[in-house]
Amino acid sequence: MTTGGIGMAVARRDGPAKVTGAARYVADTPLRGALHAVVVPATRPKGRIAAIDTAAAAAAPGVVHILTHANAPRLGRVSVVLAEDSLPPLQDDRVRYEGQPVALVVAESAGQAAEAARLVRVSYHEEPFATDFDAGLDRAEPVATFFGQPLDTAWGDFDAAWAAAEVRVETSLATSDRHHNPIEPMGVFASWADGALLVEASTQGVSELREALAQALGLDEARIRVRSPFLGGGFGAKGWGLPHQLLAAMATRVLGRPVRLVLSRAQSYTEHGYQPATRQTVRLAARADGTLTGLAHDVVAAGAFVGDYIEAAGWDTAPLYATPSLRVRHRRVRLDRLSPSAMRSPFGGVGIPAVEIAMDALAHALDMDPLALRLRNYAEVEPGTGRPFSARRLRECYEEGARRFGWADRPRAPRSLRDGGLLVGQGMATAILRAFRFPAAARVAIDRNGHVHVETGSHDVGQGLSTILPQIVADALGVPVDRMSLGIGDTALPRTTFTGGSSTTMSVGSAVQAAARALREKLADAGANGPEGYAGALGALSVDRLAADGAYAPEGDEAAGPALFSYGAVFAEVAVDPDLPVPRVRRVVGVYDAGRILNPVTARSQMTGGIVWGIGQALLERSETDSRLGRFLSKNLSGYLVPVNADVGEIDVAFIEGDDPHASPLGARGIGELGGIGIAAAIANAVFHATGVRVREFPIRPEHLL
Amino acid sequence: MPESPVPAPAPVRFLLGSAPVALADADPTLTLLEYLRETAGRKGTKEGCAEGDCGACTVAVGEPDGDRMRWRAMNACILFVGALHGRQVLTVEDLPAPDGSLHPVQQAMVENHASQCGFCTPGFVMSLFALYRQGRRVGRRGIGDALAGNLCRCTGYGPILAAAEAMWETPGRDDHIARQAEAARTALEEMAAEPLVGLARDGRRFLAPRTADQLAALLLEHPDAVVLSGGTDVGLWVTKQLRQLPTIVHTGRVAELARIEDGPDALIIGAAVRLSEAATAIGALYPDFGEVFRRYGSAQVRNAGTLCGNVANGSPIGDSPPGLIALGAEMTLRRGDTRRRIPVEAFFIDYGKQDRQPSEFVESITVPKPRPGWLFRMFKLSKRFDQDISAVCGAFHLEVADGTVRSARVAYGGMAATPRRALRAEAALVGRPWSEPTVRAAMAAMAEDFAPITDMRASAWYRQEAAANLLLKVYLDSRDGGAPSSVLDCEAA
């Protein structure tokens, strides 16, 4: 029997529960006399509520209570990272965005609540609003900081480099608003009993949600427990302190009965954020041999008057290439919409494609192979700072990717590859992902039967946490994974940070490893010389169960250490019918360096899902805004196109493996969002190669290729 | 008041797994998904979108098919329980054997790591179950088609397709499904004999007759009734627009309308014939039409929706009308005992307005068979391969003899408020040599045929250009003697 330790292709442990329907999500929780709540959203983007007539709704069958700003309890201000952008609901008569909750109808059944919600009549004093991003570009304002750090970067003299350049290339890229659209719409189940609040929510951050609830409701955190059961995808959507979560908690506290609130698909478009549109310009100055002398990346991102979210699209531009001058600037146009938020592969996932399209244009201008241009400008140390990179194997990614794809056979000229009547194109791009790490804690316990229980507050959003944590413990203790159980997604368990930023394996995984190693020490101290001795060690200690805690925290001064990134090289092939130019992705090769791979199966799944995320970004996904009504136009999965299986060609994923001891004690780096970076540019560059038309907009409009 | 010629309705009965269910006092628009989750306590079937887009609510709906049972994947979220009479519903909870061991489909999903967040998984499992139980192995393309109506946001689909390829060889228990099938078939056949079934609550009704005469009589009795075929559109009136429908009359149980009559010159496709069956029959005669059907909605939608319903609902962007119009198909409308037959193109009067009187229903559509010397081509143009509303759908039916175009019927969806013929383009073709100059002249004339709109799917300019280029494509393909039959058919090399 193998233990299923680190690096092994252990099958997803939650697979059987998921294929039988036994896995329970928030909307599946047994009811136990719960009430159902439905949000009434504002239908105008800006103004004041003139009146809310709830008489008809209140008289409808089954209705128990209706909350509006007139009768809702006052909530405290929430200041939790990434939750600050959603204001506590029902606090005043102001309407700040279409979809903002203006009432909450609570009834005995979900159907009754939905029916009564239709009967709530809201009239507005409307005010002029601005939701048209392009119309607002002239009032774009600089954004100085990002999570408390300076956002923009500059070194050298770009203007001088541009003026003196032998070759200059300027490209633009417009990206669209995109919604996460996890297949599970968000839900929350809240119950108030004996002065304590229990909340079950589809959230990626139980601790942050508890903090937000404590602040909003003025409760001690100790009186709040938040659990996140199985989560039907998150991708950044399933945050904390969101209006519906506060509303459900408010309602259960007012009514003293459990309250469930599940968002509809349409409501999901205005209850949590979205990836905001950007308008980006990249200028590259180079010598005739392709050596970069300057890189300027200008980002204007759509923002909101509510909150301060900025899509930091240029944040990971600096580490891409060696260049003696660089200037990255961000500006924002605030709009009367709900706040945008981070969506899978944020920041660089939005901005790196702009740079990589420019690099492709430069290669074309120089009649140079696009991969050779990247290698010509390969950064051996972190540009700008001169810091060493920690275990950078990007060159190997390029080489292996090119080999697997057959890049060497690619003719350089656009429109030179054909398959019957179809134009075929091949493009490539670089991916780079900053390593985010957050504090985390864990506990590992063993009993006399040799059963191991692993506990940590973190979440399995589908990435496979519940599979890799036992693997980490198996590695440390020598106990097979099928002798383990796992507790996650609960504030009653050791505290972790939200699941996001591809941080979880490094952070939570390292905490679990520390706990398992601490437990092994304890067992060894009690005489256990390996797994066979564990039962005896517990006997010697006269305990039935022995537990150890572990924690992880990033070093204090990250800037003092080496530069930490994950890397990838992505190659794509598309085919386009020249007369009806709808591009189709035929195949993708992605080769990645993400440090040590804990489970090749879950890692490959993550990268594949990310690549499809990028296919959607390049070809399909757009949340259209109706600027006349100030609302998103297509709040459903028939108007918002996520890829279907036929939109996905063959995907080949490989890793250049190796430890990164600086990234985490596990030697692993983040991978969750790496696959979604670079792929859209590889597709765009392949479309150029196929058609000779430079892509300037995501998703690509077929008519631009005509 | 004359006595109604139809009897009082009996309860709607169906099998949930092997358990009989009878409903009489229920909301006529109660969906199967609501019933499963709220009444039956089967939480494995998920709601992801409530409009038949995501497939998380996919269940297998079984019916007797000769001496066996046949299960088809359908979306429970837009399937009214009233439409289930005489059918069996299997959900993800029904698949494991009584001893808890997994069905081969489930086992293959586990072994191939085909589930990540897991929310879409039960829907994929049920789509694959329907495919598995079809009894005939299919290749990658057939698997992809079977799963086109299931969205996954995590896996990138690869592992799910791999699970599908492996499921026929994966060990697991399927014998319990086979064992209960015979009993289910017997029970369902007994239910089928019921003359009229229905649901009623608060003065609103769902009525499902067994004969076409009853159907006609019921519609005379309830001129305001909504005629429900597959419900893939009407379902959205309820789940999205929250409309209350007073009376629903369902065509789905009428056996005589569920037939395709294979005549010498034409197929006559009855009102209750599913799109999936119509697609097979029409696709066998007109491969391009079959290719459009393949990308039309999803397997779940095609298993519920009907061809007649797709026409009758009058959408300007339905994908079958352009093909039917180009082929010169006709439709038979019936009101009481009165029938009339009109060309399909005449049915579409204006946006949201069709040539159908109260109490009248579309009884059948007559599709002419291929004639010697005629060429038929059809293309669906959409950004997403499957499950996407067409920006343009074009159909071309041309008679070319001795190098000259003798007749031309060219019809488009997405170019006007109704599916319409391009009469000026047709005129520019007829009587002229089948040559590039003729086609270019027709493309120019087409600019006068349509004034399409710009919307989120495509600009007016793109629609014009692409519509014209489709005609060019027809010509170039005919000259080159066969090219890819689908404009989006760019499979991996």
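Let's start at Arg628(A). Is this residue buried or exposed? Exposed: Arg628(A) has 68% relative accessibility. Its partner is Asp626(A), and their side chains form a salt bridge, 3.1 Å from N to O. Asp626(A) counts as buried, because its relative accessibility is 8%. Keep in mind that the model is predicted.

Now move to Arg631(A). Its side chain meets that of Glu98(A) in a salt bridge, with N and O 3.7 Å apart. This pair links distant parts of chain A, 533 residues apart. Arg631(A) sits in strand E28, residues 631–632. Glu98(A) sits in the loop between strand E4 (94–95) and strand E5 (101–107). What about exposure here? Arg631(A) is partly exposed, at 25% relative accessible area. Glu98(A) is buried, at 10%.

Over to chain B. Which residue does Asp174(B) bridge to? To Arg133(B), at 2.4 Å from N to O. Asp174(B) lies in the loop between helix H5 (158–167) and helix H6 (175–192) of chain B, and Arg133(B) in helix H3 (residues 121–133), so the bridge ties together parts 41 residues apart in sequence. Asp174(B) is buried, with a relative accessible area of 13%.

Chain B also holds a network. Glu63(B), Arg72(B), Arg87(B), Arg274(B) and Glu277(B) are linked by salt bridges. Over all chains, the structure holds 95 salt bridges.

Next, the interface. How many residues of each chain are in contact? On chain A, 75; on chain B, 66. The two chains bury about 5,900 Å² between them. Carbon and sulfur atoms carry 61% of that. Three residues stand out on the chain A side: Val19(A), Ile183(A) and Asn645(A). Together they supply 13% of the area that chain A buries against chain B, more than any other three residues.

Which elements give two or more residues to the chain A side? They are helix H1 (15–19), helix H3 (110–119), strand E25 (565–576), strand E26 (584–593) and helix H14 (600–619). H14(A) provides the largest share, 8 residues. By type, the residues on this side divide into 37 nonpolar, 19 polar and 19 charged.

Finally, the nonpolar cores. The largest has 145 residues. Which members touch the most others? Leu362(A), Phe571(A), Ile683(A), Phe698(A) and Met109(B). Note that this list names residues from chain A and from chain B. Helix H8 of chain A, residues 348–366, gives the most to this core, with 10 residues.

Take Leu362(A) on its own. Leaving out residues up to four places away in sequence, Leu362(A) touches Val167(A), Val169(A), Leu284(A), Ala286(A), Leu292(A) and Leu373(A).

There is a second, separate core, of 50 residues. Among its members are Val254(B), Leu257(B), Tyr286(B) and Val311(B).

Definitions and conventions. Residues numbered from 1 in each chain as written. Chains lettered and ligands numbered in written order. Predicted model: local features only at pLDDT ≥ 70, side-chain atom pairs only at ≥ 80, totals over all residues. Heavy atoms only, no water. Contact = heavy atoms within 4.5 Å. Buried area = accessible area lost by both parts, 1.4 Å probe. Helix = DSSP H or I, 4+ residues; strand = E, 2+ residues; numbered from the N terminus. Nonpolar A, V, L, I, M, F, W, Y, C, P; charged D, E, K, R; others polar. Core = buried A, V, L, I, M, F, W, Y, C linked by side-chain atoms within 4.5 Å. Buried < 20%, exposed > 50% of the residue type's maximum accessible area, 1.4 Å probe, protein only. Salt bridge = Lys/Arg side-chain N within 4 Å of Asp/Glu carboxyl O.
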